[in-house]
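This report describes one protein chain and the ligands placed with it. Please look at the sequence and the structure before reading on.

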Amino acid sequence: MSPIKPRAPRDNGAPDYEPYLHPSMQRNYGRWTGHRDIRPGVFVHEAESGDNLFTVRAGSPRLMSARLLRRICDVADKFCQGRLRFTSRNNVEFQVETEAEVQPLIDEIEKVLGFPVGGTGRSVHNIIHTQGWLHCNLPNTDASGVVKSIMDMLYEEFTHENFPQRVKISTSCCTINCGGQTDIAINLQHHHPPVIDHEMVGRCELPKVIAICPVMAIRPDRKDGHDTVEVIEEKCMYCGACHAQCPAIEIRDGDTDTLSIWVGGKSSHTRSGPAFMKLAAIGLPNNPPRWPEVGDALKRLLNAYKDGAREFERVGEWIDRIGWKNFFDLTGFEFTKYHIDNYRWARTTFNTSSHVRL
Ligand code: SF4
Ligand code: SF4
């Protein structure tokens, strides 16, 4: 039998992450006994070997220049043996091996980078937000700008742990909502069916455009001797999925699009299964550069949650306990016809949990 040849180095996909781990993580990989919170933004992992690894979490603005990234790397070179990591919520995490190094590291993060330390435990965690205009062809609001405005407003809520339970927020710049399910979400909403440019449509694959509509509101059509599509307006729910497939079907409208707030989603299985968000506030102006109406609505919601929730209750669990009528009374949000879920294919029994059901 011929000897097994060494495999060629991989030249695609994600590289092996192990060399990029902090040396303490490499030494103790898979042999941790647990972790503890030390203070807001700082926690320690304890290993079977007796090693400790302290993590300092700093909130980043997500959109960063190369110069700022180099400054972040300088901090990691100085304190963390050249390693750092980013979380999905755009935090930068720095790790050190002794508690004595934690405060000098925090001082450097705050003074040199200007980043706040926090976003752990019962705080408002850094906002997860969607790709936005840097990478996507669909946005009709600037998710990064909304997030920056809100996190400036919630600076103290990020650096302190003053809530009944962690609060996770997401922002999405279209109704497709690639920000995901969270306690509170700020999403863009369209308010009319798409407008079709029949001259442009048909440059790509029409069957795909027709198939992507979740309510089958798009059907083939012919205009001026060439193939195109039409939208059955009374079926359309303004989701914008067709615009994602075909740029000649335009749904974005700077005059009528608004922002909305959704509540009660979560991805974890802690205590209850994952949950979809539900509409709380609709019709908030898409008002750059600081989106004050969204900030005001969010403050009202967070204050009601902080005052009314029991210890450890997530936002959705608090609403489930007090009921939607009390939720609208406490927040002052207007209840409208749009809050009634009449989507004809809504599957209320969606199996969103991996719990075993017998
Ligand atoms: S939320 Fe929509 S517009 Fe924003 S990045 Fe995701 S798909 Fe694109
Ligand atoms: S906006 Fe959504 S519902 Fe309306 S036609 Fe496009 S894909 Fe269908």
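The sections below cover the domains, the nonpolar cores, the ligand surroundings and one leucine of this predicted model.

## Domains

The chain is split into domain 1 (18–113), domain 2 (128–191 + 254–339) and domain 3 (195–250).

Taken over C-alpha atoms, the centres of domain 1 and domain 2 lie 29 Å apart. Where these two domains meet, 8 residues of domain 1 are in contact with 9 residues of domain 2. On the domain 1 side, the touching residues comprise 3 nonpolar, 3 polar and 2 charged.

## Nonpolar cores

In soluble globular proteins, nonpolar side chains tend to be buried together. In this model, the largest nonpolar core contains 43 residues. Those with the most contacts inside this core are Ile-184, Ile-261, Val-263, Ala-280, Val-294 and Leu-301. Two or more residues come from each of helix H4 (143–153), strand E8 (184–189), strand E13 (258–263), strand E14 (278–285), helix H8 (292–308) and helix H9 (315–322). The most are given by H8, with 7 residues.

What does Ala-280 touch, leaving aside its neighbours within four places in sequence? Ala-280 is in contact with Ile-261, Trp-262, Val-263, Leu-301 and Phe-333. A second core is separate and has 17 residues, including Leu-53, Phe-54, Leu-105 and Ile-109.

## Ligand surroundings

Around ligand 1 there are 13 residues, and the nearest are Cys-136, Leu-138, Cys-173, Cys-174 and Cys-178. By class, this shell has 8 nonpolar and 5 polar residues, with no charged ones.

Around ligand 2 there are 15 residues, of which Cys-213, Cys-236, Cys-239, Ala-241 and Cys-242 come nearest. The shell of ligand 2 consists of 14 nonpolar residues and 1 polar residue, and again no charged residue is present.

## Leu-68

Leu-68 belongs to helix H2, which covers residues 66–79. Why does Leu-68 count as partly exposed? The reason is a count of neighbours: Leu-68 has 15 C-beta neighbours inside 10 Å. A residue is buried at 20 or more and exposed at 12 or fewer, so a value in between means partly exposed.

Leu-68 can also be compared in position with Leu-154. The two are 86 residues apart in sequence, and their C-alpha atoms are 22 Å apart in space.

Definitions and conventions:
Residues are numbered from 1 along each chain as its sequence is written. Chains are lettered from A and ligands numbered from 1 in the order in which they are written. This is a predicted model: local features need pLDDT of at least 70, side-chain atom pairs count only at pLDDT 80 or more; totals for chains, interfaces and linings use all residues. A residue is near a molecule or strand if its C-beta atom, placed from the backbone, lies within 6 Å of it. Ala, Val, Leu, Ile, Met, Phe, Trp, Tyr, Cys and Pro count as nonpolar, Asp, Glu, Lys and Arg as charged, and the others, Gly among them, as polar. Helices (H or I, at least four residues) and strands (E, at least two) are DSSP runs, numbered from the N terminus. A nonpolar core is a set of buried Ala, Val, Leu, Ile, Met, Phe, Trp, Tyr and Cys residues joined through C-beta atoms within 7 Å. Two residues are in contact if their C-beta atoms, placed from the backbone, lie within 7 Å. Domain bounds come from an automatic or database domain assignment.
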